Amino acid sequence: MAASQCMRQAKRHYWRTQLDNFSDSKDIFKAIKWNRTEGTFPTPPLKDGNRVHTTANAKAELLVKTLLQKAACTEDVPVNCNNPEATLPFPDVTTGEAHQAIFQAKSSTPGQDEIPNAVLKKAWPALGSHISALYKHCATTGWHPTPFRQALLVALPKPGKKDYSSPRSYRLIALLSTLGKGLERLMARRLAWIAIRHKILHPQQFGALPCRSATDLAAALVHDIEEAWARGLSASMLTLDVKGAFDAVLSGRLIQRLQSQGWPSTVLHWVLSFTQDRTAAIRLDGHQSPTFAVPAGLPQGSPVSPILFMLYVEPIFRIGPMIAHRGRFGYADDICQLVISKSLEENTTRLQSIATDLIEWGQREGLTFDLAKTELQHFARGWKRNNPTCSIQTPEGTVEIKPPQLNEATRWLGIWFDRKLKFRIHTQTLAAKAKLAANGIQALANTVRGVKAPLLRQATIACVVSVLCYGAEAWWPGRRRLRQDLSGRQKLISNGVGAQLACLDRVLRSALLGTLPVYRTTRTAILHRESAIPPVELLLDQRRRSLAIRIHQLDIQHPLHLRVTHQPNRYISTRLLRAADPKNFHLIEQVDPLLTSPWDSNLEPKERPTTTPKAQAREEFQKWLDFIPPLSMVVYTDGSKGKEGTAAGAGWAGYWGTSKTKIFSGHAKLPNHEVFDAEARAALLGLQAALKDPKTQHSTNIYICLDNLEAVQQLQSQPKGSSQSIFMNFQEAARAWPQRPRAPGIQSGTVQVKWVPGHTGIEGNEEADKEAKMGCYAPLELPPPPASLAAAKRAAQRVHWQCFAQFWAEKASKRYKDLGIGIEKRPPELQLPRAALGRLLAARSGHGDFAEYHERFKHDDALLTCSCGRRKEPSHFYFCREDRKAVAHPWGQQPVADILTKKTGFTAYADLRRGHWGLGFHLHVRGRWWLGRWCCGWVIWVAHSLFIWLFQFSEFSGFH
């Protein structure tokens with residue numbers, strides 16, 4: 001009995017030490033899983049009909065037979081990789097592509113060669129040229145090396161399955177060579193870009209594609225349903241799942257599909273080499289099976305498998321009439337068909353016809369749909385309670401698909417769709433899932449010990465907030481919306497989301513109670529302020545603002561961009577349109593994410609000259625300036641932004657050759673722009689001013705010098721982000737410069753971009769800086785340019801924190817208002833030790849071991865006075881006579897308010913508590929503070945000695 005008790009104490013001491021020493025986010029994320037772990041157990045016996053397989057080899061054979069060798073290879077077609085009618089581009093692989101394929105990959109489990117991706121990154125300086133040559137040769141010749149086709153399969157159980165004795169409850173993940181996955185990643189990136197840019201895939205076919213997420217597809221679906229309601233129509237949704245998915249792909253039919261889509265022969269040869277002659281072995285329960293051949297299918301775990309599967313099933317989105325294409329959505333193997341008509345009965349009739357066409361196509365192509373996973377959901381407003389079923393004809397007979405009950409929902413892409421799009425079941429499901437993570441956070445700390453508050457705050461944002469806000473872009477309508485009444489006036493009406501918000505807020509409060517060392521009775525508003533995590537409503541509103549800005553970063557073929565910019569009826573209002581505000585859509589710049597092809601972008605990192613000391617950089621620039629051709633123009637540009645206001649300024653100054661004679665200068669005001677955007681605009685305006693100058697015809701080169709390194713790189717490469725059009729206009733003007741007419745005897749030159757060290761006394765740079773500052777306050781030129789993407793993002797963040805500050809102003813307690821404590825994005829007090837932070841927050845909130853607190857909650861057995869004889873108050877620590885005996889003037893001249901609100905005050909408070917008074921502060925109720933310190937020290941010494949003796953005894957006796 002004594003031994004087991006000592007072991008429990010030793011374990012408790014060990015885990016507490018582990019938690020107290022956490023300093024990295026990886027540690028905290030790993031610890032949160034402790035509360036949800038189910039242990040590691042062997043795979044249960046697998047059933048094949050009435051036969052039960054118990055040995056590792058038998059279970060591995062059954063998994064291979066069921067999951068990998070089920071494809072009807074006899075239905076495959078002959079292979080022909082020649083395609084003289086190819087229309088799609090596929091240039092040679094560049095070094096930059098190979099570099100990105102290795103360096104942008106996350107850490108992944110290596111295959112049979114056991115070479116992790118981190119080794120390839122470290123060895124890139126020595127092996128980079130060889131890897132690039134290998135990838136280029138493989139793409140050119142259409143060959144995927146044999147070692148890259150050898151996989152080690154791991155059987156992972158699918159979550160949420162009821163019967164894990166069925167082989168179909170597992171998913172075989174292929175562990176492949178990381179070097180081979182680099183090549184597959186390179187090919188996947190090319191295939192995805194070409195498929196979107198050249199419209200090979202349907203606009204509503206998603207999965208492993210750039211700028212296309214599951215929530216985007218769900219948002220488009222919700223928009224279409226609400227648009228149908230606005231027109232007085234009803235909608236119905238039928239979800240289908242391709243059975244087997246990757247494992248059902250036949251190589252011959254895949255090559256035939258790619259050939260019809262216009263892919264060149266090199267791509268066809270490489271895909272054929274990738275899919276054929278694959279081998280694998282299964283690792284199950286610590287046992288590895290013999291190597292076997294994989295006759296068909298795409299390996300799950302390969303970066304190129306998703307895009308190849310999407311190209312394989314691309315005809316699904318072209319089947320049937322055009323009206324059915326708009327309502328067809330797909331994410332990988334999950335298909336959704338939405339139909340709209342005047343009645344639900346007519347919808348089911350249309351769905352029956354569409355489903356029959358899809359099943360017949362699947363039979364011809366060797367694909368089947370899992371009708372056991374097929375679901376039907378109707379969407380209708382009003383009091384009508386009809387809920388018709390859908391009968392689908394299959395070769396085996398008629399299958400009746402029943403919709404859920406009126407108060408139930410259907411899950412698709414992780415979002416639960418109910419009949420009236422209230423999403424109550426969705427929020428309840430999210431809350432239940434996030435509650436598990438919140439419980440894990442609470443288990444890691446209390447009010448005096450545990451993981452540091454900043455780490456728990458990071459875990460709360462990553463593991464709780466992200467779950468609670470999942471799919472908000474699709475389902476969150478805002479608390480209120482504007483509606484026009486009969487008189488034409490706009491008024492706010494409720495969206496009826498109070499119950500959903502309350503459900504989510506309860507879980508977030510639970511997580512915040514674990515994050516902060518506070519009493520459970522602490523007010524919710526205080527929890528939000530002290531953790532700097534806003535309420536759920538503000539977090540969801542921020543997701544809506546982010547969606548509105550993100551639509552400006554989508555290509556014109558994206559479903560969300562199409563729905564916002566091509567809305568024929570301006571009186572229709574949906575969640576998507578209210579978030580995106582189509583009327584003011586043109587006020588923010590549009591960025592094309594697919595402007596740069598994978599082989600055109602310069603992906604290798606450049607040397608950053610900012611590591612050079614400023615004095616040395618200035619000297620090097622002056623030397624460069626002295627040796628430029630005399631018949632040249634040097635244009636210095638700069639951007640600036642005042643501390644107040646949203647306008648930025650662009651400035652430029654032009655000089656002739658090495659004579660340092662200023663020939664022109666200027667500035668411009670840029671409302672709703674950031675400094676980076678001003679740098680780009682200044683470079684363009686400076687170049688345009690140089691081209692208009694009379695000395696242009698006598699100049700060879702034009703040098704654009706600016707001190708923003710990121711802008712320098714964007715001016716010379718393919719821009720992707722904010723001010724994209726400005727960078728493109730600059731590059732177009734630079735390309736036209738060599739063809740400009742010049743005076744006789746003047747040779748043609750180029751436009752070159754040069755980085756100049758800023759604020760180092762270089763005359764031209766200082767002059768451009770003055771012009772930029774003048775531009776911030778210059779009169780506005782009409783019409784003003786659209787707001788930049790960076791400025792729009794910053795404005796959204798500013799509105800978010802303003803709403804948080806308004807919430808705090810309305811909900812703050814009187815004690816906090818009296819102390820003048822406002823909202824901070826990163827509260828510095830979170831860095832305090834947990835025990836000190838707990839005492840500080842208790843003194844701020846009044847929720848702690850105080851007389852007023854105990855009287856308020858009727859704690860009859862609580863001691864209301866300190867050992868010094870005074871009543872326990874939140875500010876008693878400042879006046880306690882017993883504490884002042886230890887340190888005569890512990891606080892100096894700082895008042896109580898400064899101790900509780902200012903960084904210097906509560907830091908000194910934490911240091912004194914940790915240094916002089918320590919544990920004695922907690923023993924005031926039992927005796928004098930020095931007696932408390934002596935007792936605690938004696939108890940710790942005895943416990944430590946006992947633990948050492950027990951540890952030595954356990955080693956001697958072999959007891960563990």
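About 50 Å³ of space lies in the second largest cavity, a cavity being a set of points on a 1 Å grid over the protein atoms alone where a 1.4 Å probe fits but cannot get out. The volume is the space filled by probe spheres set on the points, which are joined across faces, edges and corners. The model is predicted, and totals for chains, interfaces and linings use all residues, while local features need pLDDT of at least 70 and side-chain atom pairs count only at pLDDT 80 or more. Residues are numbered from 1 along each chain as its sequence is written, and side-chain values use heavy atoms, leaving out hydrogens and water.

Start by selecting Ile-196, Leu-201, His-202, Pro-203, Gln-205, Leu-209, Arg-212 and Gln-557, which line this second largest cavity; lining residues have an atom within 4 Å of a point.

Next, go to the largest cavity, with a volume of about 160 Å³. Select Leu-68, Leu-153, Val-294, Leu-298 and Pro-299: of the 15 lining residues, these are the closest to its centre. Now color the strands (DSSP runs of E, at least two residues, numbered from the N terminus). β3 (150-157), β4 (170-175) and β7 (278-284) each supply at least two residues of this largest cavity's lining, and β7 gives the most, with three.

Finally, zoom out to the whole chain. Of its 960 residues, 51% count as buried, meaning under 20% relative accessible area with a 1.4 Å probe, protein chains only. Along its principal axes, the C-alpha trace spans about 95 × 95 × 80 Å.

How values were computed. 1 Å grid on protein atoms, 1.4 Å probe; cavity = no way out; pocket = protein on both sides within 12 Å on 5 of 7 lines; lining within 4 Å. Helix = DSSP H or I, 4+ residues; strand = E, 2+ residues; numbered from the N terminus. Buried < 20%, exposed > 50% of the residue type's maximum accessible area, 1.4 Å probe, protein only.
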